[in-house]
Amino acid sequence: MLTSTKEFRDSMGWFHTWAGVATSCFLFMIFWMGSLAVFDREIDQWMKPEMRVDASTNEFSFDQVFKQLREGDAKDATRIFVRAPSERDPLVFTFHATADGEFVRQYRYPTTGDTVELTDSHAGTGFFYPFHYSLHIPAGLGYWVVGFCAMAMLTLMVSGIFIHRKIIKDFFTFRPDKALRRSTLDLHNLSSLVALPLHILFPLTGLM
């Protein structure tokens with residue numbers, strides 16, 4: 001029984017090491033881009049100065065915007081979507097589908113309804129946010145890569161729990177005066193145990 005337990009723990013240790021090495025680069029990029037995506041609207045305004053409009057002085061009217069769209073290039077549109085301005089999105093966003101099947105996205109000034117010529121940049125909403133869940137890999141393959149990394153992270157958490165025989169002791173152990181490898185391993189164990197619920201929650205909710 002002891003032998004089989006040791007073999008199982010050793011196999012979990014091997015899996016924990018190599019699965020972590022194989023997916024750590026992807027997971028680092030996914031988490032980094034996800035952190036930046038929290039501020040995607042603010043990054044948009046930083047990289048596109050035309051979007052910096054004082055939302056508190058906006059006098060927005062749905063009727064005005066719809067009238068301009070119907071009298072303009074969206075007169076034959078099969079679908080029209082209008083998003084009202086907010087503190088984080090001070091411009092009016094319009095989206096319409098033409099009869100030819102083309103999709104037109106535009107930003108407009110709330111007070112006049114005029115189209116805004118934005119700086120040609122993907123910025124936060126066009127780059128950081130999609131990168132977080134698709135890595136900008138086309139044909140839907142990015143979703144599967146990110147999903148695989150999330151599943152791998154979940155299994156890393158489970159295998160990490162199995163290989164720690166003294167999980168309670170590791171929670172209270174940090175020896176900075178020891179050798180660099182030993183102290184960094186202590187720090188790894190301590191930080192991973194403190195944030196273990198979050199480390200499980202992140203990939204789980206991402207997969208869901």
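## Salt bridges and a surface patch

The structure, a predicted model, holds five salt bridges.

Student: Glad to have the model open! How many helices and strands does the protein chain have, and in what order do the elements run?

Tutor: Happy to walk through it with you. The protein chain has eight helices and three strands. Reading from the N terminus, the order is α-α-α-β-β-β-α-α-α-α-α.

Student: Let's zoom in on Asp 40. Is Asp 40 buried or exposed?

Tutor: Asp 40 has its place in helix H2 (residues 40-47). The cut-off for buried is under 20% relative accessible area. Asp 40 has a relative accessibility of 6%, so this residue counts as buried.

Student: With which residue does Asp 40 form a salt bridge at 3.4 Å, and how many residues apart in sequence are the parts that the pair ties together?

Tutor: The partner of Asp 40 is Arg 88, with the closest N and O atoms 3.4 Å apart. Asp 40 lies in helix H2 and Arg 88 in the loop between strand E1 (79-83) and strand E2 (92-97), so the parts tied together by this pair are 48 residues apart in sequence.

Student: And Arg 41, with which residues does Arg 41 form salt bridges?

Tutor: Arg 41 is partly exposed, at a relative accessible area of 22%. In its salt bridge with Asp 40, the closest N and O atoms are 2.9 Å apart. In the other one, the closest N and O atoms are 2.8 Å apart, and the partner is Asp 89.

Student: Why does the pair of Arg 41 and Asp 89 tie together parts that are apart in sequence?

Tutor: Look at where each partner sits. Asp 89 counts as buried, at 10% relative accessibility. Arg 41 lies in helix H2, whereas Asp 89 lies in the loop between E1 and E2, so the pair links parts 48 residues apart in sequence.

Student: Which residues do salt bridges that share partners join into one network?

Tutor: Start from Asp 40, which forms salt bridges with Arg 41 and with Arg 88. Arg 41 also forms one with Asp 89. The one network joins Asp 40, Arg 41, Glu 42, Arg 83, Arg 88 and Asp 89.

Student: Now to the surface: which helix gives the largest share of the nonpolar patch?

Tutor: The patch consists of Tyr 129, Tyr 133, Leu 141, Tyr 143 and Trp 144, with about 620 Å² of accessible area together. Helix H4 (123-134) and helix H5 (141-163) each supply at least two residues. The largest share, three residues, comes from H5.

Conventions:
Residues numbered from 1 in each chain as written. Predicted model: local features only at pLDDT ≥ 70, side-chain atom pairs only at ≥ 80, totals over all residues. Heavy atoms only, no water. Helix = DSSP H or I, 4+ residues; strand = E, 2+ residues; numbered from the N terminus. Buried < 20%, exposed > 50% of the residue type's maximum accessible area, 1.4 Å probe, protein only. Patch = residues over 30% accessible without salt bridge, like charges linked within 9 Å, V, L, I, M, F, W, Y side chains within 5 Å. Areas by Shrake-Rupley, 256 points an atom, 1.4 Å probe, with all protein chains shown as cover. Salt bridge = Lys/Arg side-chain N within 4 Å of Asp/Glu carboxyl O.
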